Amino acid sequence: MAGYNTSSSRPLPRLDSDNRAFWTGGEAGELRIHHCADCGGWTHPPKPVCRHCLSEHVAPKAVSGTGVIDTYTINHQKWFPGMEVPFVIARVALDGAPGVILTTNIVGSPVEAVDIGDKVRVKFEAHGDVWLPLFEKAAA
Amino acid sequence: MKPIEAYISGVGQSEVGMRLTRHPLLLTVDAVKEALAEAGLSIAQIDGVSTYPGKVPAMPGFSPVGADELVDALGIRATWYAGGGEITSQLGAVVAAAAAVRAGLARHVICFRTVYEAAAVARPDEYPVQRGDRATGNSQWFSPFNALSAATWTAQYAMRHVKKYGLTREQLAQIALTDRKHALLNPRAMIREPLTMDGYLAARMISDPLCLFDCDRFSDASTVLIVSAGDALDEVQCTPVRIAAMAGSVERLSWDQAEWMACYATGRDLWKRTDYKPADVDTAQLYDGFSFQCLAWIESLGFCDVGEGGKFIEGGTRIALDGELPLNTFGGQLGAGRLHGFGFAHEAVTQLRGNAGERQVRRAGGRAPRVAVAASGGGPLATALLLTRD
């Protein structure tokens with residue numbers, strides 16, 4: 001159920017004041033997650049309030065860009081015509097930002113080479129005004 | 001004053017099919033009439049309406065009829081009504097109705113879920129999906145990665161079971177195989193063709209480990225349950241089924257931030273609100289929009305330990321009609337059609353009344369079931385109902 005009128009191979013997010021730092025940080029090579037200056041907690045998806053202490057002193061902050069695969073699936077279904085399959089959809093738990101998990105794709109390795117617990121590193125892919133944080137396996 | 005208990009009186013269901021041409025409001029009226037007839041109630045006695053997820057204009061097939069429309073169409077004099085998607089999954093609409101009758105806000109509430117997804121796909125000019133050019137809201141966190149279906153989100157939880165607990169395809173197959181076997185005994189089931197293990201294993205993969213037969217198919221149907229107040233049962237002709245306990249929960253709605261699906265918390269909570277135990281359950285009707293969600297519900301409700309669901313359903317004998325936990329006896333959504341949550345409660349009530357015909361569960365000594373559990377929701381939303389024939 002693609003549900004988007006797009007010519008891109010990926011439906012892209014609409015940028016707004018909450019999500020712009022996340023989706024454009026890749027231009028500077030930074031993965032930016034909302035961080036609280038008061039309690040040090042991380043809030044994702046980004047919102048103008050800390051989900052741990054309700055402080056409004058939250059702002060995007062660069063994290064290391066590494067993480068661990070929490071779980072994944074190999075998608076075989078073409079959800080819209082022309083979609084290239086198979087590919088890996090994964091949840092990546094970010095290093096240095098406890099509790100933050102990103103849905104993403106693992107690229108740069110055969111789909112069968114991906115496993116839970118694999119260490120991965122962000123690799124941004126530019127699509128117009130959006131830099132998608134994809135991940136590839138980190139060298140062992 | 002004695003607290004008012006909530007009961008389910010009449011239940012009803014329209015024709016269930018794919019690409020039906022009957023108007024979705026008329027399907028809803030069909031189900032309402034059947035439920036009213038079973039309860040021996042007239043529309044004049046109905047004073048409440050509850051539905052999930054309310055009318056969704058952007059996706060008319062997903063929810064073509066709202067509470068507003070039904071109230072108006074049937075001339076219902078409602079003292080309470082509700083309809084919306086921000087609730088603990090489909091059967092949350094029944095929980096809301098039960099809370100309303102317990103509070104004295106209404107006496108007989110029509111709860112309904114009408115789906116028209118197959119017809120809408122077939123007739124897009126009449127039922128157009130409103131598409132944007134960009135992803136917004138929670139969708140933006142999946143769509144750019146082409147994680148475009150709940151199949152891909154659910155598959156990731158399933159994969160964790162595969163890797164962590166050794167869940168096999170042969171084990172998971174038992175949900176689909178059991179559903180399809182039971183659907184053969186349900187005259188209203190949408191898919192009435194047998195499925196073999198070989199057929200299951202040969203099916204194309206959708207999102208590993210979920211194959212085609214692990215995913216429900218769009219259907220067109222309406223399901224109705226009437227929730228009645230305990231002090232209004234003298235107006236009801238059928239055997240009332242008591243809502244003995246209810247539970248629900250919501251996890252992080254972006255799906256990916258949640259450690260586990262919401263059913264695990266809901267299952268635990270249900271048993272805190274009753275003296276019944278999992279061993280008392282005579283039949284379980286558990287959400288299976290994707291097969292793995294059903295397996296997760298079996299674990300969540302304590303029928304086995306977390307991680308043991310695969311072993312529990314292995315071979316299918318425990319969940320067969322004559323097994324220790326007769327499961328999804330109407331065929332579930334994988335066999336009976338994507339009734340979207342309400343089918344599970346409809347079947348639980350039908351079984352408790354002994355009205356299930358060829359698929360009727362008989363417990364030791366030939367008795368009809370006395371205790372049933374119905375559950376809806378997968379991912380971040382979950383609702384469970386414990387239903388009893390007192």
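## Around B:Leu286

Let's start inside chain B: leaving aside residues up to four places away in sequence, B:Leu286 touches B:Cys294, B:Trp297, B:Ile298, B:Leu301, B:Leu327, B:Asn328, B:Phe344, B:Val373 and B:Ala375. Please keep in mind that this is a predicted model.

As a general background, nonpolar side chains tend to be buried together in soluble globular proteins.

## The fold of chain A

Now to chain A, which has 1 helix and 8 strands. Along the sequence they follow the pattern α-β-β-β-β-β-β-β-β. Its radius of gyration is 16 Å, close to the 14 Å from the globule rule for 140 residues, so chain A is as compact as a globular protein of that length. Taken along the principal axes, the C-alpha atoms fill a box of roughly 45 × 40 × 25 Å.

Among the contacts in chain A with a separation of 6 or more, 49% join residues 24 or more positions apart. Of the 140 residues in this chain, 50% count as buried.

What is the accessible surface of chain A? It comes to about 6,600 Å², and carbon and sulfur atoms account for 51% of that area.

Key
Residues are numbered from 1 along each chain as its sequence is written. Chains are lettered from A and ligands numbered from 1 in the order in which they are written. This is a predicted model: local features need pLDDT of at least 70, side-chain atom pairs count only at pLDDT 80 or more; totals for chains, interfaces and linings use all residues. Side-chain values use heavy atoms; hydrogens and water are left out. Helices (H or I, at least four residues) and strands (E, at least two) are DSSP runs, numbered from the N terminus. The radius of gyration is taken over C-alpha atoms; the globule rule is 2.2 Å times the number of residues to the power 0.38. Buried means under 20% relative accessible area, exposed over 50%, partly exposed in between (1.4 Å probe, protein chains only). Contact means heavy atoms within 4.5 Å. Accessible areas come from the Shrake-Rupley method with a 1.4 Å probe; for residues, only the protein chains shown count as cover.
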